[in-house]
Amino acid sequence: MTAMATKMMKKQMADLDIPDVPEFLDLLSAAGVHMYACRLSFAMMKMIEADLHPGVQGVISAADFIEISANAQTIFI
């Protein structure tokens with residue numbers, strides 16, 4: 001089921017001319033966006049720093065995010 005859903009979503013993204021996730025992250029990084037990984041998701045997925053996109057500045061908790069994003073323009077992806 002997961003493979004089918006992934007294939008369907010990738011096709012819909014292509015039909016709408018939406019870049020795939022790595023390309024989208026590259027575009028955000030090039031635009032100077034500050035990107036952070038969620039500490040909880042990072043731990044649950046058993047990820048390591050090398051798994052992150054080079055533009056990701058670090059792994060932070062929800063409390064960290066609230067603190068650093070005060071008065072900022074925020075996009076949650």
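Which residue with a positive phi follows H1? The residue is Asp17, and its phi is near 60°. Before I go on, some conventions. This is a predicted model, in which local features need pLDDT of at least 70 and side-chain atom pairs count only at pLDDT 80 or more, while totals for chains, interfaces and linings use all residues. Residues are numbered from 1 along each chain as its sequence is written, and side-chain values use heavy atoms, with hydrogens and water left out.

Let me return to Asp17. The positive phi of about 60° occurs here although Asp17 is not a glycine. Asp17 sits in the loop between H1 and helix H2, the latter covering residues 21-30. Its relative accessibility is 71%, so Asp17 counts as exposed; by definition, exposed means over 50% relative accessible area, buried under 20%, and partly exposed in between, with a 1.4 Å probe and protein chains only.

Ile18 belongs to that loop between H1 and H2 as well. With a relative accessible area of 41%, Ile18 is partly exposed. From the C-alpha atom of Ile18 to that of Met8, 10 residues away along the chain, the separation is 14 Å.

Asn71 also has a positive phi, about 65°, and is not a glycine. Asn71 is located in the segment after H4, and with a relative accessible area of 87% it is exposed.

I turn now to the overall architecture. The chain contains 4 helices and 2 strands; helices (H or I, at least four residues) and strands (E, at least two) are DSSP runs, numbered from the N terminus. Starting at the N terminus, the order of elements is α-α-β-α-β-α. The radius of gyration of the chain is 15 Å, well over the 11 Å that the globule rule gives for 77 residues, so the chain is more spread out than a compact globule. That radius is taken over C-alpha atoms, and the rule is 2.2 Å times the number of residues to the power 0.38. Along the principal axes, the C-alpha atoms fill a box of roughly 35 × 30 × 20 Å. Of the 77 residues, 16% count as buried.

Next, the strand E2, residues 56-60, which includes Gln57. Gln57 is partly exposed, at a relative accessible area of 45%. Leaving aside residues up to four places away in sequence, Gln57 touches His34, Met35 and Tyr36, where a contact means heavy atoms within 4.5 Å. Gln57 and Leu40, 17 residues apart in sequence, are 16 Å apart from C-alpha to C-alpha.

Finally, helix H4, residues 62-68, contains Ala62. Ala62 has 60% relative accessibility and therefore counts as exposed.
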